[in-house]
Each structure stands twice: as C-alpha cells, then as structure tokens.
Amino acid sequence: MFRLDDPHLTPAVDPVSSLLTGGSGKVTQAVFVDDRLVMRGGKVAGMDMAAARDRAQAQFERLIAKYPDRSWKHPPVEALFTPSFPIL
C-alpha cells in the first residue's frame, strides 16, 4: 500500500506512473503477501530490525577487514577507507 499524496509521488498524473517514477520504500505504508500483513510503518512482522542491523554491521566490518589482503600492495584499512572528516 502506498500513499499517493506523499511528496515523493507528486505531482501525480497517473498513480501507476507516479509509483514507477517516484516510488520507493519511503512511500510504502504496508505490504501484504498471500493475504498476510508482513510490513507496516517500516516494521517487518516477526523481525528484530535492531538485531538485523547489528548483524549486518558486523558482517560488513569483517568484509572490510579483509580488503587489505585482496588489495594491491596490501594497504591498511585506514588508507583504503578514509573518513570524510578528520577524526578528532
């Protein structure tokens, strides 16, 4: 279910073309699968999003830690992924 009055979907001429050109997860209000409500208001039924985010972050950090082994001349992680701003 989508809110067609969402600012991401305006100006709307046709609901289908508006969804195709401006639609994303940001305008999704609810998702039904096989007559079951599986997502509403950004929350997935039966899923601990905080725990999933923590697992994804840990997996990403393990991946990043392996980059020096796969990079030419094996630079340290800090040289491969420099911060946008200096760390004070």
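**Local features of the predicted model**

Asp6 is placed in the segment before helix 1 (15–22), where helices (H or I, at least four residues) and strands (E, at least two) are DSSP runs numbered from the N terminus. The model is a predicted one, in which local features need pLDDT of at least 70 and side-chain atom pairs count only at pLDDT 80 or more, whereas totals for chains, interfaces and linings use all residues. Residues are numbered from 1 along each chain as its sequence is written, and side-chain values use heavy atoms, with hydrogens and water left out. Asp6 is buried, with a relative accessible area of 14%; buried denotes under 20% relative accessible area, exposed over 50%, and partly exposed the range in between (1.4 Å probe, protein chains only). Residues up to four places away in sequence not being counted, Asp6 touches Lys26 and Val27, contact being defined by heavy atoms within 4.5 Å.

Gly23 lies in the loop between helix 1 and strand 1 and is partly exposed, its relative accessible area being 32%. Apart from neighbours within four places in sequence, Gly23 is in contact with Leu9 and Ser18. The C-alpha atoms of Gly23 and Arg55 are 28 Å apart in space, with a sequence separation of 32 residues.

In the loop between strand 1 (30–33) and strand 2 (36–40) is Asp34, a residue other than glycine with a positive phi, near 55°. Asp34 counts as exposed because its relative accessibility is 69%. Leu37, in strand 2, is partly exposed, with a relative accessible area of 40%. When neighbours within four places in sequence are set aside, the contacts of Leu37 are with Ala30, Val31, Phe32 and Ala45. Leu37 and Pro11 are 26 residues apart in sequence, and their C-alpha atoms are 29 Å apart in space.

Helix 2 comprises 17 residues (residues 49–65), which at 1.5 Å a residue should span 24 Å, and this agrees with the 24 Å between its end C-alpha atoms; the expected span is 1.5 Å times one less than the number of residues. The N-terminal end of helix 2 is capped by Asp48, of which a side-chain oxygen lies 3.2 Å from the backbone nitrogen of Ala50.

Ser71 counts as buried, at 18% relative accessibility, and its side chain reaches the backbone oxygen of Tyr67 at 2.8 Å. Such polar contacts are pairs of N or O atoms within 3.5 Å; within protein, one atom must be able to donate a hydrogen and the other to accept it, and residues adjacent in sequence count only if both atoms are side-chain atoms.

Leu80 belongs to helix 4 (residues 77–80) and counts as partly exposed, with a relative accessibility of 33%.
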